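Please look through the sequence and the model below before reading on. The paragraphs that follow go from single residues to the parts of the chain they belong to.

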Amino acid sequence: MLTHEENQLLARVEGDAPMGRLMRQHWLPVCLSEEVEEPEGKPIRVRILGENLVAYRDAEGRVGLVGEFCPHRKASLVYGRNEEGGLRCLYHGWKVDADGNVVEMPSEPPEACAAAKFKHPAYPTEEAGGFVWAYMGDRATMPAFEPPPFAPTPETRVSIGTARVDCNWAQVVEGQIDSAHSSSLHSSDMVPARVGRASASAKGWTRPSTDKAPRLQVQLTSYGFRYAAIRRPIQNASVNDYIRITTFVAPLICLIPPNASYNVAQVTIPIDDHSCMFHFIAWGDGPDVPSMAEWRKFLALTPGVDVDPAKGWARLRVRDNDYLQDRNLMKLGNFTGIKGIPAQDMAMWEGMGLIADRTSERLGASDVAIVQWRRLMIEAAKAFAEGAPALGRTAPMVPKKDIASFEGVVPKTTDWRTLGTTELERSLFPGAAPAQAAE
């Protein structure tokens with residue numbers, strides 16, 4: 001368990017909170033590229049780390065990210081005209097470009113604009129992996145942009161399911177790095193099967209183990225940490241282990257163990273202290289990577305059906321309607337009665353409250369990774385507040401394209417810390433076995 005002070009340090013990201021300041025030392029995904037797809041199209045609201053912003057794409061295709069409220073009289077620029085390289089406020093016509101320059105002030109004498117010395121809040125942006133990324137820290141220490149681990153090349157196929165979650169970001173990340181819960185919470189969607197490794201279809205996932213109590217081991221890295229959940233496989237358990245490696249890339253990316261068809265990642269972006277944006281990602285280079293529409297349907301996160309992008313990706317299944325839980329379906333054998341893996345998770349995360357009270361928990365052996373993550377992030381926030389470099393910004397700097405997770409049945413003699421490289425995975429799994437339901 002944590003003390004109240006530690007819990008607050010872990011959870012809070014707004015203003016001068018050390019955790020939020022640490023996050024600002026990294027390029028952060030602030031919205032989906034599809035949300036600002038049209039040049040000179042409609043601007044969108046973006047709220048991140050408690051800061052209200054507006055994103056838009058100008059006529060040249062550049063994505064701007066600027067403070068929402070006009071520097072003149074604080075009218076919202078989300079209603080502004082997106083024209084000729086900037087946003088023009090409807091109230092008095094002041095115009096701000098993507099660099100934060102006030103380039104026109106038609107309500108003032110001409111010399112006033114030329115003499116303006118102030119800058120409007122604006123952040124540099126890049127695009128990769130279906131996201132718009134922004135650097136919101138000190139420009140003097142801004143690192144070069146590097147595509148995320150789930151988009152190692154421009155050709156990588158990336159599909160993203162998105163939803164707003166009404167609780168603190170740390171509850172969501174803890175769920176993403178908690179391998180043990182999947183054997184219970186998602187047991188109706190992740191079914192044991194006699195396979196050599198996990199497989200996927202449009203209806204669900206299979207995995208080669210019935211073991212619900214994995215042994216956990218952790219490996220610290222310069223970019224975060226990796227941990228292995230080691231289970232008994234269904235077949236040849238005397239000589240093999242079933243290993244699922246989850247990789248946390250500071251400050252907000254989790255590489256989930258893959259399946260035979262595609263890789264999986266999750267990204268959580270704090271909106272403020274009490275809400276966040278959740279992104280569930282399928283990615284890879286093979287033909288079996290689901291399309292965006294297929295992936296969102298599988299997750300029950302289809303825009304216009306399960307979520308509303310126009311309302312900040314608000315969800316159909318929420319706490320107020322008990323996530324549309326079907327108790328009759330539970331009687332027929334479905335474990336949760338809740339449709340969609342993300343909604344099952346969100347019921348757990350949001351059910352803890354806006355900020356979970358970690359001072360009275362009773363943790364067990366299956367929480368080793370959670371304990372390690374909390375310790376890592378709390379110590380990193382404290383160290384950064386005292387002047388140390390941010391977690392993930394120190395040597396050795398591992399190229400993000402080389403960071404991976406892992407999943408598969410391997411000989412017990414295998415050191416799991418060596419797993420996760422493309423070469424080794426190809427040698428272990430040259431082909432995927434067809435799924436057969438376990439007895």
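Arg296 is buried, because its relative accessible area is 6% and the cut-off for buried is under 20%. The model in which this value was computed is a predicted one. The side chain of Arg296 meets that of Glu34 in a salt bridge, with 2.9 Å from N to O. This pair links distant parts of the chain: Arg296 belongs to helix H5 (residues 292–299), Glu34 lies in the loop between S1 and S2, and 262 residues separate the two.

The next step is the division of the chain. The protein chain is divided into domain 1 (26–136) and domain 2 (157–428). Taken over C-alpha atoms, the centres of domain 1 and domain 2 are separated by 34 Å. How many residues of each domain are in contact with the other domain? On the side of domain 1 there are 15 residues, and they are in contact with 21 residues of domain 2. Between them, the two domains bury about 1300 Å², and 65% of this area is on carbon and sulfur atoms. Three residues, His26, Arg47 and Phe131, supply 39% of the area that domain 1 buries against domain 2, which is more than any other three residues supply.

Polar and charged groups also take part in this interface. Two salt bridges are counted between domain 1 and domain 2, and seven residue pairs are in polar contact. Which strands supply at least two residues each to the side of domain 1 that touches domain 2? They are strand S1 (27–32), strand S2 (44–48) and strand S10 (131–135). By class, this side of domain 1 has eight nonpolar, four polar and three charged residues.

Side chains of opposite charge can pair when their charged atoms come close. In one of them, the side chains of Glu51 and Arg24 meet at 2.9 Å, N to O. Glu51 is in strand S3 (residues 51–57) and Arg24 is in the loop between H2 and S1, so that the pair links distant parts of the chain, 27 residues apart. Arg24 counts as buried because its relative accessibility is 14%. Glu83 and Arg88 form a further salt bridge, in which the closest N and O atoms are 2.5 Å apart. Both of these residues are buried. Through salt bridges that share partners, Arg81, Glu83, Arg88 and Glu104 are joined into one network.

Gly392 is found in the loop between H8 and strand S23 (406–411). Gly392 is buried because its relative accessible area is 16%. Which residues is Gly392 in contact with, leaving aside its neighbours within four places in sequence? They are His26, Ser222, Tyr223 and Met397. The C-alpha atom of Gly392 is separated by 7.5 Å from that of Pro251, although the two residues are 141 residues apart along the chain.

The last stop is helix H1 (residues 4–11), whose buried residues are Asn7, Leu9, Leu10 and Ala11. What covers them includes helix H2 (18–23), helix H4 (169–176) and helix H8 (368–385).

Note on methods
Residues are numbered from 1 along each chain as its sequence is written. This is a predicted model: local features need pLDDT of at least 70, side-chain atom pairs count only at pLDDT 80 or more; totals for chains, interfaces and linings use all residues. Side-chain values use heavy atoms; hydrogens and water are left out. Buried means under 20% relative accessible area, exposed over 50%, partly exposed in between (1.4 Å probe, protein chains only). Helices (H or I, at least four residues) and strands (E, at least two) are DSSP runs, numbered from the N terminus. Contact means heavy atoms within 4.5 Å. Domain bounds come from an automatic or database domain assignment. Buried area is the accessible area (1.4 Å probe) that two parts lose on being put together, summed over both. A salt bridge is a side-chain nitrogen of Lys or Arg within 4 Å of a carboxyl oxygen of Asp or Glu. A polar contact is a pair of N or O atoms within 3.5 Å; within protein, one must be able to donate a hydrogen and the other to accept it, and residues adjacent in sequence count only if both atoms are side-chain atoms. Ala, Val, Leu, Ile, Met, Phe, Trp, Tyr, Cys and Pro count as nonpolar, Asp, Glu, Lys and Arg as charged, and the others, Gly among them, as polar.
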